[in-house]
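Thanks, everyone. I have one structure to show today, and I will keep it short.

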Amino acid sequence: MLNFFQEKQNRYTILVALLTFILGLYIGLWKSNNIDNLARIFKKRQVDPNQVNLDSFWEVWDVIDEKYPEAKEIDNQERVYGAIKGLVSSLEDPYSTFFTPEEKKIFEEDIDGHFSGVGMEVGIKDDILTVIAPLKDTPAYKAGMKSGDKVLAIDDKTTNDMSTEEAIKLIRGEKGTTVTLTILRPNESKPREIKIVRDIITVPTLETEIKDKAFIIKLYSFTGNSNKLFRDAIKEFSNANTDKLVIDLRGNPGGYLESAVDMASWFLPSGKTVLIEDYGVGKEQKLYQSHGYDVFNDNLKLVILIDGGSASASEILAGALKDYNKAKLVGTQSYGKGSVQEVVNIGDDTSLKVTIAKWLTPNGVSISKKGLTPDIEVKPSDKEGEDPQIKKALEVLNNWQ
């Protein structure tokens with residue numbers, strides 16, 4: 001009888017051991033598959049365990065499964081996306097971002113320049129969500145949003161540690177709905193709330209006018225068709241019987257790099273460096289050079305207006321023409337967005353926007369963080385109808401030396 005029970009116990013022990021082995025194998029394979037998924041997403045093979053210890057990652061995963069009350073409601077793929085976002089955030093670079101399928105769609109809508117929202121560019125500056133520029137005639141513009149406004153909350157959610165993409169998702173919404181932004185304006189001590197009704201946003205590009213015998217090109221963004229529009233504006237200027245030109249880049253958050261290079265080419269001889277891409281120590285720099293349209297002689301009087309909303313491609317164009325003494329800069333310090341991002345498709349429905357280089361002006365000056373300092377600093381006015389910056393630009397042109 002003892003042998004029978006002992007044999008039965010042995011079989012039970014073997015069965016438990018076998019089930020434990022199978023369960024362990026399943027968990028191991030499941031974890032391995034998830035590691036492989038992470039590796040596949042970044043197009044790398046599994047991380048060498050001798051270099052990186054992933055045990056703590058899986059321990060946290062298991063503790064969440066065991067203790068977090070709503071763990072079963074969180075999709076495993078969402079956990080993987082969260083892990084990737086954490087990996088990217090370790091770069092401490094506000095412009096490097098992993099896009100989930102929903103965020104990728106929003107990003108592509110931004111590039112197309114047609115979406116539903118409030119119509120302003122935002123970014124992380126000094127670790128705070130900041131308005132780069134509201135676009136003209138959009139809900140944000142009409143509601144009084146300004147470059148440099150610090151966005152402290154979106155509806156009832158604070159923006160502490162919130163990424164730009166997370167903020168955009170909250171600010172976006174259906175046409176006709178309202179979003180409430182709590183902002184802190186520079187030089188003000190108390191936050192204020194601004195309610196904005198969302199609408200369909202079409203990104204404006206360019207307008208022209210003649211004022212006090214000066215031809216003014218107001219450029220709102222560097223879009224896919226801005227090259228052609230700028231070319232048409234230059235032809236219009238050539239027929240305007242004046243040698244005074246203002247390029248207004250205030251509130252222009254940038255866009256396509258090639259558009260900035262193409263526009264600079266109207267003022268620079270062929271082969272002149274428009275900007276330098278610096279990929280870091282030990283790596284060869286890349287030079288972007290003028291196409292050499294260079295249709296203007298030395299009699300051209302050119303002023304470029306900049307402010308805290310002038311970023312990226314705006315700073316490239318203004319910085320290049322300043323370095324070659326082709327233009328005088330009037331206004332206030334530009335935003336300081338001087339880095340290069342490349343968008344890499346990750347799988348079928350996600351992507352990674354990653355910083356690959358820093359932008360330098362032709363003289364080797366970094367645009368990042370500090371931005372461009374105007375030759376003549378003029379602060380804007382809060383009074384309706386007053387524009388001391390354009391007034392100063394016209395004064396500089398009339399007294400050109």
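This is a predicted model: local features need pLDDT of at least 70, side-chain atom pairs count only at pLDDT 80 or more; totals for chains, interfaces and linings use all residues.

Start with Lys-85, which sits in helix α3, residues 76-89.

Next, what does Lys-85 touch, leaving aside residues up to four places away in sequence? There are contacts with Phe-98, Thr-100 and Glu-103. Take Phe-98: 13 residues separate it from Lys-85 in sequence, and the C-alpha to C-alpha distance is 5.9 Å. With Glu-103, the lysine makes a polar contact, side chain to side chain, at 2.8 Å.

Now the helix pair. As a reminder, two packed helices are described by the angle between their axes and by the distance between those axes. Here the partner of α3 is α2, residues 55-67. Their axes come within 13 Å and cross at roughly 140°. Because of that angle, α2 is classed as oblique to α3; the roughly antiparallel class would need an angle over 145 degrees. The crossing of the two helices, α2 and α3, is right-handed.

Which residues make the contact? From α2 they are Phe-57, Trp-61, Ile-64 and Asp-65. On the α3 side we have Asn-76, Arg-79, Val-80 and Ala-83. Sorted by class, the contact between α2 and α3 has five nonpolar residues, one polar and two charged.

That is what I have. Questions are welcome.

How values were computed
Residues are numbered from 1 along each chain as its sequence is written. Side-chain values use heavy atoms; hydrogens and water are left out. Helices (H or I, at least four residues) and strands (E, at least two) are DSSP runs, numbered from the N terminus. Contact means heavy atoms within 4.5 Å. A polar contact is a pair of N or O atoms within 3.5 Å; within protein, one must be able to donate a hydrogen and the other to accept it, and residues adjacent in sequence count only if both atoms are side-chain atoms. Axes are lines fitted to C-alpha atoms, for helices over the stretch in contact, and angles run from 0 to 180 degrees between N-to-C directions. Angles under 35 degrees count as roughly parallel, over 145 as roughly antiparallel, 65 to 115 as roughly perpendicular and the rest as oblique. A crossing is left-handed if the near helix is turned anticlockwise from the far one by less than a right angle, and right-handed if clockwise. Ala, Val, Leu, Ile, Met, Phe, Trp, Tyr, Cys and Pro count as nonpolar, Asp, Glu, Lys and Arg as charged, and the others, Gly among them, as polar.
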